[in-house]
Every structure is written in structure tokens, then in C-alpha cells.
Amino acid sequence: MIEVDIPGYRTFRFRHLVLDVNGTIAADGGLIDGVAELLGRIRTELAIHLVTADTYGRQQALGRALELDAVVIPAEGQAAAKLDYVTRLGADGVVAIGNGANDAAMLEGAALGIAVIGPEGAASAALCRADVVTAGILPALQLLLHRRRLAATLRR
């Protein structure tokens, strides 16, 4: 579990990290450099979940590289499927990270939604519905490892 007290706002108690794959932790079907190392550090504190439509057909290889299984969702209804997954985990204990329009509902529904602007860019819907926006996946994951950064960003 990761606990973060945000002055003037609330205390978060995260148990799960839900990650979109394509555009978030992977670009053009390949894992973004540095992601595996940071997830290795985070996995000691949070259960990590990958949620993807497997656009590039590379999810098995990515899963092996990260030693994680993914929930593969159908091409239709992705936004609802991702939000449903977060809800079933218990949204109050979830950090969700994504970049696409199909991630917007998940970002809004999680206790903390982080939108990342990566090699594919980011959908304005994701940016508007997230609590935090970062310039890529590595800074997003580092917020979970360096909690004072997160507190400084969200304090009221």
C-alpha cells in the first residue's frame, strides 16, 4: 500500500495501479525504456494491472518482459470496460494512468487519475478528466515513488 497525505485535500491509500498499455507504457508496441525498472520498484507496494485492447498484438511479449498478465478488453466499449475494471478493484484504492480518450472515464473514476503525454500525445478528454498530467510515463511513475512531489502538486 502507498499512503499519501495531501494537505488541505485528503489522504490517499492506494492498493492498485491500473495502467493503460499502448501510448502509456508502450509506444508502437514496444515497452518505453525505464518503465520495467520503475514498475519493479512500485510492485513491492502496489498490485499492478495492465488493461489493453492489444492494438499492436504485442501484449504477450510485453507481459513477459514485465512479468505481468494483462486484461485484454474488446475493441468496442473500451472506456466502459476500463472504468468497470477500476470499479471492481475498489476505485478508492486505485491509481490509474493513461493517455487516450478511452482512458478518460478510468482516470476520472479512480481515486487518482494521471494522464501522460507520451510519444502518441494525449487525448484532451484524458487531460481534462485526470487529477494530474505528466510529460510521460516515467514522471508519472516517479510520483508514486517520490510522494512529496504528488503532495506538492495536489495540495490545496
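Helices (H or I, at least four residues) and strands (E, at least two) are DSSP runs, numbered from the N terminus. The structure is a predicted model, in which local features need pLDDT of at least 70 and side-chain atom pairs count only at pLDDT 80 or more, whereas totals for chains, interfaces and linings use all residues. Residues are numbered from 1 along each chain as its sequence is written, and side-chain values use heavy atoms, with hydrogens and water left out.

Glu-67 belongs to the loop between H2 and S7 and is exposed, with a relative accessible area of 66%. Buried denotes under 20% relative accessible area, exposed over 50%, and partly exposed the range in between (1.4 Å probe, protein chains only). A positive phi near 55° in a residue other than glycine also occurs at Asp-28. Asp-28 is located in the loop between S4 and S5 and is exposed, at 61% relative accessible area.

Helix H2 spans residues 59-66, and its buried residues are Gln-59, Leu-62, Gly-63 and Leu-66. Viewed down the axis of H2, these buried residues fall within an arc of 100°, so they line one face of the helix; the arc is that of the directions from the helix axis to the C-beta atoms. Gln-60, Arg-64 and Ala-65 are exposed on the other side of H2. The cover over the buried residues of H2 includes strand S4 (26-27), strand S5 (30-31), helix H1 (35-42), strand S6 (47-52) and strand S7 (70-72). Contact here means heavy atoms within 4.5 Å.

Gly-30 is part of strand S5 and is partly exposed, at 26% relative accessibility. Residues up to four places away in sequence being set aside, Gly-30 touches Ile-25 and Leu-62. Its C-alpha atom is separated by 28 Å from that of Ile-2, 28 residues apart along the chain.

An open sheet comprises 6 strands in the order S7-S6-S3-S8-S9-S10, with parallel pairing. S7 and strand S10 (132-134) are the edge strands, each pairing on one side only. From one strand to the next the twist averages 20°, with axes fitted to C-alpha atoms (for helices over the stretch in contact) and angles running from 0 to 180 degrees between N-to-C directions. Two strands are taken to pair if DSSP finds at least two bridges between them. S6 and S7 run parallel and are joined by 3 bridges; Val-71 in S7 is the bridge partner of Val-51.

The largest nonpolar core contains 37 residues, and those with the most contacts inside it are Phe-14, Leu-17, Leu-19, Ile-97, Ile-137 and Leu-141. Such a core is a set of buried Ala, Val, Leu, Ile, Met, Phe, Trp, Tyr and Cys residues joined through side-chain atoms within 4.5 Å. Helix H6 (residues 137-145) gives the most to this core, with 6 residues. Apart from it lies another core, of 14 residues, including Val-51, Met-106, Leu-107 and Ala-110.

Asn-99 lies in the loop between strand S8 (94-98) and helix H4 (104-109) and is buried, with a relative accessible area of 5%. A polar atom of the Asn-99 side chain lies 3.4 Å from the backbone oxygen of Gly-23. Beyond four places in sequence, the residues touched by Asn-99 include Asp-20, Asn-22, Thr-24, Val-116 and Glu-120.

Technical notes
Polar contact = N/O pair within 3.5 Å; in protein donor to acceptor, adjacent residues only side chain to side chain.
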